[in-house]
Amino acid sequence: MKFVDEFREPEVITKISEEIRRLADPRRHYRIMEVCGGHTHAIYRFGLKDLLPSNIELIHGPGCPVCVLPMGRIDDGLAIAQNPDVIFTAFGDMMRVPGTQGSPLEHKARGMDVRIVYSPADALKLAQSNPDKHVLFFAIGFETTAPSTALTLVRAKVLGVHNFSVFSNHVTIIPAIRAILDSPDMRIDAFIGPGHVSTVIGCRPYEWIAKNENKPVAVSGFEPLDILQSIVMVLRQLKSNQARIENQYKRVVPWEGNRAALRAMAEVFELRPYFEWRGLGFISQSALRVRAAYAEWDAEQRFDIPGVRVTDPKAAQCGEVLKGVLKPHQCKLFGKECTPEHPIGALMVSSEGSCAAYFNYEHRKTEMVTSIGSVA
Amino acid sequence: MAHGAGGKASRRLVEGLFAPLLFGSSSEPLGDAAHLDFDGTKIAITTDSFVVKPLTFPGGSIGELAVNGTVNDLAVSGAKAEAMVVTYLLEAGLPAAVLEAEVRAMGKAACTAGVTIAGGDTKVVEHGKADSMYITTTGIGRPLPGLKIDARAVRPGDKILLSGPIGDHGITILLARGELDLEADLNSDTRSILPLVEVLAHEAGPGVRWMRDPTRGGVATSLNELARDSRQGVVLSEEMIPVRDAVRGACELLGLDPLHIANEGQFLAVVAPEYANAALHALRLAPGGEDAQMIGEVREQPSGAVLVTTGYGGSRIVDMLVGDPLPRIC
Amino acid sequence: MCLAIPGQVVQLFPEQPNTALIDVVGVRRKVDLGLLQDDLPVEGDWVLIHVGFALSKISEEDALDQMRTLRALGEAESAIEEVQGYGLENAENKKVS
């Protein structure tokens with residue numbers, strides 16, 4: 001696969017890993033946060049932690065839109081779909097996330113019309129081919145995904161499709177990073193920036209992290225070599241006491257972002273005054289809602305929703321894990337009451353949440369395993 | 001719902017409910033078929049049900065799946081299928097032409113696989129109660145001489161062979177449902193793997209410890225079952241696992257892992273190291289076995305789990321599936 | 001929100017200027033080009049695809065550049081280590097100071 005395989009070349013990966021070992025000062029302990037859930041997933045999928053020296057710690061950040069979605073919002077979306085004339089559509093990521101009465105898939109088993117879509121455009125098409133039904137699109141995602149939802153609503157308006165609405169749970173990344181840095185007990189040395197969010201927002205929005213917080217940021221792609229090169233970049237900056245924003249993912253990320261995508265977002269969405277993030281609490285100006293001009297396609301304005309706040313059990317230490325203060329297995333519920341199959345807190349509900357990723361990929365690896373050579 | 005997907009939930013249902021209540025006090029691990037002995041007459045028997053949407057898809061249809069699936073279950077248990085009986089559960093309103101097409105497909109597949117369809121039953125249920133058609137089969141066969149399949153005989157150092165590329169069937173079905181608007185030149189791999197199993201038995205019989213056909217839940221689920229039943233660890237080399245480009249592309253686009261995708265024409269075999277190379281060579285020379293690979297080996301650690309290593313020293317644990325694989329965007 | 005895959009534009013549709021057929025090693029899907037309307041791709045271009053929309057064009061030049069940098073990175077450092085092994089490094093430092 002072009003633009004994928006080159007960045008997975010084993011010999012180059014080995015060389016860059018050696019470079020990382022050379023760069024890492026053995027007297028220092030480095031804590032590098034990868035913001036985006038997609039990076040968390042890639043790190044585990046490619047076994048990248050095995051390649052790093054033990055004094056480099058990767059902390060998993062809050063960039064997992066499924067993880068930070070409060071349970072109450074899932075209940076709200078499913079409440080709308082209780083109406084038999086409503087078809088509930090969402091990405092596959094949402095299907096197993098539990099609300100208080102069960103997940104969308106569990107509701108499907110009980111008779112609700114629930115369908116997985118790959119694209120919001122597919123949800124719109126479904127509305128066009130089912131004129132006697134209403135199609136609800138349960139929208140999630142950061143700035144990577146919001147422009148696609150926005151453009152879909154623009155198309156819905158132009159085409160005059162009225163049996164379609166969006167329940168927006170889009171959130172923005174900068175307030176989440178601010179919340180992490182504002183937290184008194186956090187200690188992050190550098191950031192691996194979210195590469196795909198940055199194709200939309202560009203690199204400028206991170207400049208305050210370097211200027212005001214004095215932390216290096218490398219905006220990173222998602223292949224093994226991208227992530228490893230980003231680690232090299234921040235290590236070099238740390239070594240020479242620099243703090244700036246570097247664009248590692250140049251082949252795809254424009255420094256100024258994607259103007260057309262930003263325009264689409266601005267036309268359809270506006271910032272909510274505040275929004276609740278599961279595990280992080282209420283954050284102001286951190287989420288998107290549909291503007292008045294598109295009220296007809298805003299599920300929150302067309303339907304009555306319960307709007308009940310659901311809190312996680314106090315024993316769930318998601319907040320601390322999210323901020324990098326605790327490791328997943330240090331939470332008292334990890335692996336016992338809280339597993340991917342019956343998740344109690346935010347970070348276990350999605351396969352890229354820190355706890356779920358740790359549980360699925362890392363948990364049973366033993367020390368013997370790290371020194372395996374070629375097998376077949 | 002997750003209980004039908006072949007992974008953890010299914011296993012819990014079988015082990016937690018059916019086994020203790022129905023299977024008596026046998027301590028043997030559960031296999032693909034049961035080998036029974038009636039005063040010296042040895043018979044292997046298996047049963048399976050087939051539910052697929054859409055009924056027909058590139059490379060096959062439910063009728064072929066039913067025949068090949070039954071033959072394959074017997075084959076990987078170390079038996080040659082001789083005969084099967086079939087039950088059709090039909091939804092009222094199913095067009096006669098659709099039914100006829102499946103019956104023909106089944107007949108043709110049985111002929112190709114060398115198995116007799118000895119009888120069957122039909123029931124018609126209300127509209128909305130059977131998703132067009134469900135098929136259940138029971139197959140019986142003769143144990144293949146020289147093969148003794150037992151997970152408990154698996155030892156560290158044993159090699160893991162795979163008959164061919166993975167993920168073809170599952171991705172074909174996913175695309176055929178039309179909900180994702182993806183197109184690819186891909187077919188289900190449904191076929192009888194008995195001829196390849198016979199080649200393996202002939203070449204390496206005494207060294208074959210275990211076999212399985214990785215259907216629902218994919219290679220990952222089957223090998224996790226092996227790791228659990230044998231109390232050993234399974235270590236795979238990612239670059240050795242054969243995957244067609246189109247399957248890979250679809251999996252990358254949808255965020256799926258080929259190791260979790262269903263196959264209907266492949267099998268895994270654990271072979272003692274002294275027989276493994278000859279076995280692989282023989283499979284590759286046999287028709288349909290050209291893409292066979294040695295994908296890994298059994299080790300003591302990680303006990304009870306499956307580890308996949310990359311070509312550059314990274315590794316990850318691959319677990320059994322919980323429910324069906326779902327596309328993701330994150 | 002992060003799963004985005006490179007695909008090649010293999011067909012454009014004159015009647016639907018915001019749609020393209022893209023190919024990912026043989027898997028094909030129509031994607032919406034609306035987010036690239038300021039600089040629409042042409043046939044043969046590579047784009048990054050996320051939830052059925054093209055999010056960005058992929059620069060082959062930047063990709064090659066990056067691979068060159070990465071390959072050189074490993075090489076340069078191991079060459080320096082080799083030289084250090086010969087004890088030449090101390091001689092160099094004396095000269096500079």
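What is the handedness of the disulfide of A:C64 and A:C67? The close-ups below take up this and other features of a predicted model, in which local features need pLDDT of at least 70, side-chain atom pairs count only at pLDDT 80 or more, and totals for chains, interfaces and linings use all residues. Residues are numbered from 1 along each chain as its sequence is written, chains are lettered from A and ligands numbered from 1 in the order in which they are written, and side-chain values use heavy atoms, with hydrogens and water left out.

**View 1. The disulfide of A:C64 and A:C67.** The two sulfurs lie 2.3 Å apart. A disulfide here is a pair of cysteine sulfur atoms within 2.5 Å. The torsion about the S-S bond is about 70°, so this disulfide is right-handed. A:C64 is buried, at 3% relative accessible area. A:C67 is buried as well, at 1%. Buried means under 20% relative accessible area, exposed over 50%, and partly exposed in between (1.4 Å probe, protein chains only). Over all chains, the structure holds 2 disulfides.

View 2. A:C36 is bonded to C:C2, with an S to S distance of 2.1 Å. Helices (H or I, at least four residues) and strands (E, at least two) are DSSP runs, numbered from the N terminus.

**View 3. Cysteine B:C251.** B:C251 counts as buried, with 2% relative accessibility.

**View 4. The open sheet of chain A.** Five strands run in the order β2-β1-β7-β8-β9, with parallel pairing. Strands pair if DSSP finds at least two bridges between them. β2 (56–63) and β9 (245–247) of chain A stand at the edges; each has a single partner strand, so one side of each lacks a neighbour in the sheet. Neighbouring strands of this sheet are turned by 25° against each other on average, direction ignored. Axes are lines fitted to C-alpha atoms, for helices over the stretch in contact, and angles run from 0 to 180 degrees between N-to-C directions. Within the sheet, β1(A) and β7(A) (residues 190–194) pair in the parallel sense over 3 bridges. One bridge pairs A:M33 with A:F191 in β7(A). Helix α2 (residues 37–45) of chain A packs on the sheet and touches β1, β2, β7 and β8 (217–220) of chain A. Contact means heavy atoms within 4.5 Å. The direction of α2(A) makes about 120° with that of β1(A).

**View 5. Helix α1 of chain A.** This helix (residues 10–23) has 14 residues. From first C-alpha to last it reaches 20 Å, close to the 20 Å expected at 1.5 Å a residue. The expected span is 1.5 Å times one less than the number of residues. Its buried residues include A:V12, A:I13, A:I16, A:S17, A:E19, A:I20 and A:L23. They cover an arc of only 155° around the axis, which puts them on the same side of α1(A). The arc is that of the directions from the helix axis to the C-beta atoms.

**View 6. Strand β5 of chain B and its partners.** β5(B) (residues 79–91) pairs with β7(B) (residues 133–143) in the antiparallel sense, over 11 bridges. In β7(B), B:G139 stands opposite B:M84. β5(B) and β6(B) (residues 116–125) run parallel, joined by 9 bridges. In β6(B), B:T116 stands opposite B:A83.
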